[in-house]
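Q: Could you take me on a close look at the sheet in this model and at what surrounds it? I would like one connected walk-through, please.

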Amino acid sequence: MNLPFVSADRLAEMGQRAGQALLDLIFPPRCPGCGRLGELFCQACRAQVEVIGGPVCPRCGRPTAQAELCAGCRPTASPLERIVSAVVFAGPMRAAIHELKYNNGRALAAPLAMYLVEAWRRADLAADCIVPVPLHAQRQAERGYNQAALLARGLSRAVGVPLDETLVLRHKATQQQVWLNAAQRRENVRDAFACRGPAIGRRIVLVDDVCTTGSTLEACAVALRMAGAESICALTLARARWLPGHPAPDAPGAGHPGTGAGN
């Protein structure tokens, strides 16, 4: 009898699913938005997620009255063609991202990546490869994973675009961005990234969890431009509501005490 061939990757995936199912049986998931037991991210909380629709600035992705460059983008150039964000960083989505990022909530990456898939299709994005924004090696070792890479893997599988997790290196350990204003954020991530190899002629979509000012995405894009990338867009799960000169809404104490985002 001929048994069907199963690849090593498929076997690993099946093993991970079986292990997750066992963990869910012993430790049932709890929705990060409302605390409901047995729900990874419940339908009631999903219903409260604010999908970003309507006119946005064609470069930075901020909602605007008309689909034209906003006042912040008009006088400046950017290494990014555009930033697309799926949802607003608020309410249950904010709690879900914090769970993914800080509380080992890796199981949330799969359902949250579906918001990226929907945004990709709405924006009609196209690319040769998807590149997650990397963490510094020390921070990744502390956390155990890169949440942007987890999201990017789900997106890559769904849209059929190859993933490259090694192209960009974060070689500079930067300060947490949470309490910094726009100018400080730009300076903090200046020259923080480098490419391990050429990106000549490649169309790239950068993926990250949250966009606040776009400073991290732009710094990453600068490295890709220097490596020869033809075009660079960014796609983030969420977009923060943020005003220059004020602490970011992802800062500790801004609605969810003790939890802050680092980008």
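A: Happy to. One term first: a polar contact is a pair of N or O atoms within 3.5 Å, where, within protein, one atom must be able to donate a hydrogen and the other to accept it. Please keep in mind that this is a predicted model. Its mean pLDDT over the chain is 85, with 81% of the residues at 70 or more.

The side chain of Ser85 makes a polar contact with the side chain of Thr236, at 2.7 Å. Ser85 counts as buried because its relative accessibility is 8%, and the cut-off for buried is under 20%. Setting aside residues up to four places away in sequence, Ser85 touches Ile52, Cys211, Thr236, Ala238 and Arg239.

Now for the sheet itself. Four strands make up an open sheet, ordered β1-β6-β5-β2, and their pairing is parallel. At the edges are β1 (82-88) and β2 (129-132), each of which pairs on one side only. From one strand to the next, the twist averages 25 degrees. Helix α6, residues 147-159, packs on this sheet and touches β2, β5 and β6 (231-239). The direction of α6 makes about 165 degrees with that of β2.

Is β2 covered on one face or on both? Both faces are covered: Cys129 and Val131 are buried on one side, while Ile130 and Pro132 are buried on the other.

Next comes the nonpolar packing. The largest nonpolar core has 39 residues, and those with the most contacts inside it are Phe41, Met93, Leu112, Tyr115, Trp120 and Leu235. At least two residues of this core come from each of β1, α3, α4, α6, β5 and β6. The element that gives the most is α4, with 8 residues. As for Phe41, its contacts, leaving aside neighbours within four places in sequence, are Cys31, Pro32, Arg46, Val49, Pro92, Met93, Ala96, Leu108, Leu112 and Tyr115.

Asn104 lies in the loop between α3 (91-102) and α4 (109-123). Its phi is near 55 degrees, a positive value in a residue other than glycine. Asn104 counts as partly exposed because its relative accessibility is 47%. Asp124 is in the loop between α4 and β2, and it too is not a glycine, yet has a positive phi of about 55 degrees. At 65% relative accessibility, Asp124 counts as exposed.

Methods
Residues are numbered from 1 along each chain as its sequence is written. This is a predicted model: local features need pLDDT of at least 70, side-chain atom pairs count only at pLDDT 80 or more; totals for chains, interfaces and linings use all residues. Side-chain values use heavy atoms; hydrogens and water are left out. Two strands pair if DSSP finds at least two bridges between them. Axes are lines fitted to C-alpha atoms, for helices over the stretch in contact, and angles run from 0 to 180 degrees between N-to-C directions. Contact means heavy atoms within 4.5 Å. Buried means under 20% relative accessible area, exposed over 50%, partly exposed in between (1.4 Å probe, protein chains only). A nonpolar core is a set of buried Ala, Val, Leu, Ile, Met, Phe, Trp, Tyr and Cys residues joined through side-chain atoms within 4.5 Å. pLDDT is the predictor's confidence in each residue, from 0 to 100.
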